[in-house]
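Work through the exercises below with the sequence and the model open. Each task is followed by a solution in steps.

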Amino acid sequence: MKITVVGTGYVGLVSGACLAEVGNDVLCLDLNPEKIRILKDGGIPIHEPGLDQVVSRNVAAGRLHFTTSIEEAVRFGTVQFIAVGTPPDEDGSADLQYVLAAARNIGRLMTDYKVVIDKSTVPVGTADKVRGAIAEELVKRDVVVPYSVVSNPEFLKEGAAVEDFMRPDRIVVGADDEQAINLMRALYAPFQRSHEKLVLMDVRSAELTKYAANAMLATRISFMNELAVLAEKLGADIEHVRQGIGSDPRIGRHFLYAGCGYGGSCFPKDVKALIQTAASAGQGLKVLQAVEDANEAQKLVLVDKITRRFGSDLSGKHFALWGLAFKPNTDDMREAPSRVLISELCKRGATVTAYDPVAMDEARRIFAEEPRLSYAVRPMQALDGADALVIVTEWLEFRSPDFSAIRKTLKSPAVFDGRNMYDPALLLANGLEYEAIGLGI
Ligand code: NAD
Ligand code: UGA
């Protein structure tokens, strides 16, 4: 199949590369010339495990191409995926300007049948807007060209994106015409060889399914985070509680990890957008609003612990920070808890030396104006002259540090862990005071 992917970000690049991997001919369009230059030069503009191999293999095979030319992109694919960003507007609702610009470009230039697939996360009713934007352009040109609009939300996770796309749990397709449904079945046949994964539904339900999935996952996390705060007060251990409830198959083991708050480009924005969608429909989403509020509070939980230990004026204090990315295996710092922590510590007069295996360039860009933040080349180097160690991302390389070296290097024996990485007994045995999330110790 000839496929165009509009938007070559996390979702667009992973989708394009994986669709090429199963034999399709794929052209990825982006309006950011720097991204396309990097890709054409054989590089990858994002950190995503395994993606570079899939991209280079398919470029070499002549199945994956990149362009900044809208004309070329619209001409190329019968299938036109829209995978551009849908960032939050001022009021939290999804900003559809990039999606609708992509739709208008397709309408302005198409000359034969196209299946236009919304892969971006978009509010209910967006497919109708996309259909309308294309129709308007065709009317302007005074031509009739057939097309279908399909909703096909993406469920991949950053850090495991290639694996998630190649072996999806489910493929949600919202479509209402036979021609598009048949094409979607053919497109996804290579990804569901073991059993049927395609969940076919109407377009509006597909659009809502995406938000419902992220909102449910965010709810689990905020619920566990609130319980963790309670566990500390009651002298209970949230890790035991997690195991105790997760073994019930009705609850399940995944996404029950308490921590210093959820971040990333999706949960925070999608929770806000669903709240806004509901508000526009005249409904308050009380549960989801609480999920959002609890997460904002949770991002401050480590700051509270630090100020309880060192006082609210942190002038002259220096902290080592392990982890900047919103989760391991990515360099993405969008809505990362580390951002709130760094800003709060610096605001209170402290200095911070951070280490992250891949996100330090991104941090340098975000905190370009913050002289109180510096960077270390190795994790232990960050501890030089530090009063305490703070951990916000559970990178594998932080799992088994030399605790006695940590004790010897830190000025105070304090470790604040926002991801519950360690056995408290081990730290105590090494003379360290361990503050984690929800451990009633
Ligand atoms: P991103 O910001 O990484 O990439 C979007 C790309 O689209 C950018 O490179 C931008 O230059 C390009 N673009 C914008 N307008 C364009 C246009 N008119 N034509 C061509 N290119 C254009 O975004 P992302 O993280 O890939 O997310 C894309 C969508 O997918 C969002 O709606 C997001 O919510 C959703 N989503 C993201 C993830 C994820 O893990 N990142 C997972 C599932 C769904
Ligand atoms: C999330 C969803 O998991 C994907 O299914 C979805 O496609 C994607 O959003 C999206 O719509 O873009 P992602 O944001 O990449 O994926 O990362 P997650 O692994 O879901 O983690 C999100 C945040 O939740 C991270 O900050 C992580 O640390 C936190 N988290 C996750 C917890 O605090 N506890 C947990 O148990 C799990």
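**Exercise 1. State how far apart the centres of domain 1 and domain 2 are, and describe their contact.**

Solution. Taken over C-alpha atoms, the centres of domain 1 and domain 2 are separated by 30 Å. The contact takes eleven residues from domain 1 and nine residues from domain 2, where two residues are in contact if their C-beta atoms, placed from the backbone, lie within 7 Å. On the side of domain 1 that touches domain 2, six residues are nonpolar, three polar and two charged. In this division Ala, Val, Leu, Ile, Met, Phe, Trp, Tyr, Cys and Pro count as nonpolar, Asp, Glu, Lys and Arg as charged, and the others, Gly among them, as polar. The protein is divided into domain 1 (2–201), domain 2 (211–296) and domain 3 (299–435), with bounds from an automatic or database domain assignment.

This is a predicted model: local features need pLDDT of at least 70, side-chain atom pairs count only at pLDDT 80 or more, and totals for chains, interfaces and linings use all residues. Residues are numbered from 1 along each chain as its sequence is written, and chains are lettered from A and ligands numbered from 1 in the order in which they are written.

**Exercise 2. Locate ligand 2 relative to the domains.**

Solution. Start with the shell: 20 residues surround ligand 2, the closest being Glu158, Tyr257, Tyr262, Gly264 and Cys266. A residue is near a molecule if its C-beta atom, placed from the backbone, lies within 6 Å of it. Helix α9 (residues 203–234) gives the largest share, three residues. Eleven residues of this shell are nonpolar, five polar and four charged. Both domain 1 and domain 2 give residues to the shell, so ligand 2 lies between them.

**Exercise 3. Describe the shell around ligand 1.**

Solution. There are 26 residues around ligand 1, and Gly7, Gly9, Val11, Ser120 and Thr121 come nearest. Next, the helices: α1 (10–21) and α5 (97–109) each supply at least two residues. Helices (H or I, at least four residues) and strands (E, at least two) are DSSP runs, numbered from the N terminus. By class, the shell has twelve nonpolar, ten polar and four charged residues.

**Exercise 4. Give the strand order of the six-stranded open sheet and identify its edges.**

Solution. The order is β11-β10-β9-β12-β13-β14, with parallel pairing; two strands pair if DSSP finds at least two bridges between them. β11 (373–375) and β14 (433–435) each have a single partner strand, so one side of each is left without a neighbour in the sheet. From one strand to the next, the twist averages 20 degrees, angles running from 0 to 180 degrees between N-to-C directions of axes fitted to C-alpha atoms, for helices over the stretch in contact. As a detail, five bridges join β9 (residues 318–322) to β10 (residues 351–355), and Ala320 has Thr353 in β10 as its bridge partner.
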